[in-house]
Amino acid sequence: MLDIKRESTDVLIIGSGGAGLRAAIEARRYGVKVTLADKVVIGMNNSTRYSGGGIKAALPGILSTAYTTQYEDPREHFRQAMIHGEYLNDEALVEIMTFEGPARVLELKGLGVDTFDAMYLKVHYPHGSGLIGPLVKTARKMGCSLRPGMVVTKILVEKGRVVGAAGVDLYRNRLSVFETGAIVIATGGAAETFLRNDTTVNTTGDGYTLALDAGASLRDMEIVQFEPYVQAEPGLPMMDRHEAEAEFHGVLRNALNEDFLLKYLPALKAGQLPFEEQFGMALTDIRERVARAMVTEVAAGRGDNGAVLFDLRHVPADKWKSDFASQYTRNVLLRGFDVEKKPVHVLPGAICTLGGIAIDGDCRTDVPGLFAAGEAAGGVHGAARLGGDGLLDPIVFGARAGRSAALAVNKEVEVSQQQIDEAHAAVERTLIDAPADLAALAKLRDTVKRTMWEQVGILRNGKAVAAAIPVLEETAAQVQAMRVRTLRQFKTRLETLNLARVGRMIAGAALRRAESRGAHFRTDFPQRDDARWLVNHFVRQSGKELVYTERPIKLRVTELLKQSKFGIEVK
Ligand SMILES: Cc1cc2nc3c(=O)[nH]c(=O)nc-3n(C[C@H](O)[C@H](O)[C@H](O)COP(=O)(O)OP(=O)(O)OC[C@H]3O[C@@H](n4cnc5c(N)ncnc54)[C@H](O)[C@@H]3O)c2cc1C
């Protein structure tokens, strides 16, 4: 029998990436008791830490442009985020991020982060540790209670409002039940849903299912961002390449040795001019187009061993020593592969989910007492994300969620014995005193990831996506039926179930959106269709069913609609 520990806190924050840490620090400023729980070591294995560390914010002359395009004026940042997001973004959230962002970034210095201006270049791998490390220290110093190894499994709701959460405590081998009226979900995204990805294995979309089961809605789940330059060389790690200078000079070639991007981005000139010089924007702002071009080449039979080639042979040797990012690629990622002599195979991998829990400007969800921020929340980036906004988002909305949660503290809440019993039974039901079939569990996880990559990946068509749905449902049912022996195995089982459930949500929304927009590309509907599809998809759980609804988008800044994306035509 699993022990139960009843605990109490004013604010519970789930997830210790950029959003969770920033939320914890902000909530603590209000003098309330803050508990920051993470299913792994605090601040350790999340997207923020493994990020490139490039932050976008209108701070002329202050932020580096090595990784991201920077704008001088928040109005331009706002405009570009909307244009790149192809209007699926919530204008109000974008306005908050772009106008509040500069102050939030500057404030990081006071929280101990002294490298925000050029983490990509200044911090040795992982670059995001320049942000995460100091924030963990500050949260600890301010007296936040840090709870590593706490896998939050359920948000407890009574009469429609939050009263607590249940979690499996891997360090103490027991179930913890937190009594609290204010919870922030900062659990990051779900890129691990795809076979090829560029995130940590922890990005299993736990926050999406926690919110869904608590009664909250999610939005725009069809939108998944893929990073182009993820290694696909046998024997090399499947991670995106972090060379700074060199990346922008590399040439993508197909098996015919053609510099194929020229076909897809007619404005691109042949030769090795830095991408930014040619487009006026960093490659990180246009990555969905590059990713699509790469997989299109492979699908057309012009790939090399199922991938394309990234040719860096012309990069002068000293460039590889010019910054930490390039040195890391050279010394760690390439593992002896001589990139000066031969091109390296690359193929995109999922990096971020851009849809997520629906929030308002104060990070409130549909459920009173439940807040969300960072990649767990949706609506900020629309159909495609600008490079650097992925870190600005958790910093800005993390702080907002922390403040909202602190202001929502409710000391009167009580978790009923019935709720504790149900949370306990839900975990107990999955446990057996016999060896678990871990190979079968791993196979089910692989089925989800393969199905999502092959049928709901970068090039989608209605038939393949529709066929993926029953596979994902059946896989979820099979995971549900599995029993495991230890709480660590319980975590793996829960994550696998979440991958199948989140995959189902993504597929359902991708099937509905019969057009192409941003990172969502339907080969059977290759054009954007504003007349029909200027809508957001919302999804919520009703009994066993997922219920999708559409909400028309009404842009306040309507002249944005007249802008063509990037000002360049893309085939
Ligand atoms: C390789 C990579 C490079 C990137 N580079 C950049 C970049 O340079 N610039 C940019 O703007 N964006 C970048 N991004 C995107 C950006 O880093 C992320 O979107 C952002 O950091 C997400 O922050 P977050 O706090 O929302 O989530 P995360 O940092 O992922 O943190 C989520 C945390 O929640 C925890 N958690 C999850 N489920 C549970 C649960 N059930 N119980 C308890 N804890 C849980 C996880 O363990 C994790 O610690 C990159 C992403 C990746 C993957």
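## A tour of strands, a helix pair and a loop

Select L252 in strand β11 (residues 251–253) and then F310, its bridge partner in β12. The model is predicted, with local features requiring pLDDT of at least 70 and side-chain atom pairs counted only at pLDDT 80 or more, whereas totals for chains, interfaces and linings use all residues. Residues are numbered from 1 along each chain as its sequence is written, and side-chain values use heavy atoms, with hydrogens and water left out. Helices (H or I, at least four residues) and strands (E, at least two) are DSSP runs, numbered from the N terminus.

**Strand β10 and Q225**

Move to strand β10 (residues 224–227), where Q225 is found. Strand β10 pairs with strand β14 (residues 349–353) in the antiparallel sense over four bridges, and E227 has G349 of β14 as its bridge partner. Q225 counts as buried because its relative accessibility is 1%, and its side chain is joined to that of R385 by a polar contact of 3.1 Å (a pair of N or O atoms within 3.5 Å, where within protein one must be able to donate a hydrogen and the other to accept it, and residues adjacent in sequence count only if both atoms are side-chain atoms).

**Helices α7 and α16**

Now select helix α7 (residues 206–214) and helix α16 (residues 487–512), whose axes come within 9 Å and cross at roughly 75°. The axes are lines fitted to C-alpha atoms over the stretch in contact, with angles running from 0 to 180 degrees between N-to-C directions. The helices are therefore roughly perpendicular (65 to 115 degrees). To see the contact (heavy atoms within 4.5 Å), show D206, Y208, T209, L212 and D213 of α7 with E495, N498, R501, V502 and M505 of α16.

Finish at E515, in the loop between α16 and α17 (530–533). E515 is buried, with a relative accessible area of 0%, and a polar contact of 2.7 Å joins its side chain to that of R513.

Technical notes
Angles under 35 degrees count as roughly parallel, over 145 as roughly antiparallel, 65 to 115 as roughly perpendicular and the rest as oblique. Buried means under 20% relative accessible area, exposed over 50%, partly exposed in between (1.4 Å probe, protein chains only). Two strands pair if DSSP finds at least two bridges between them.
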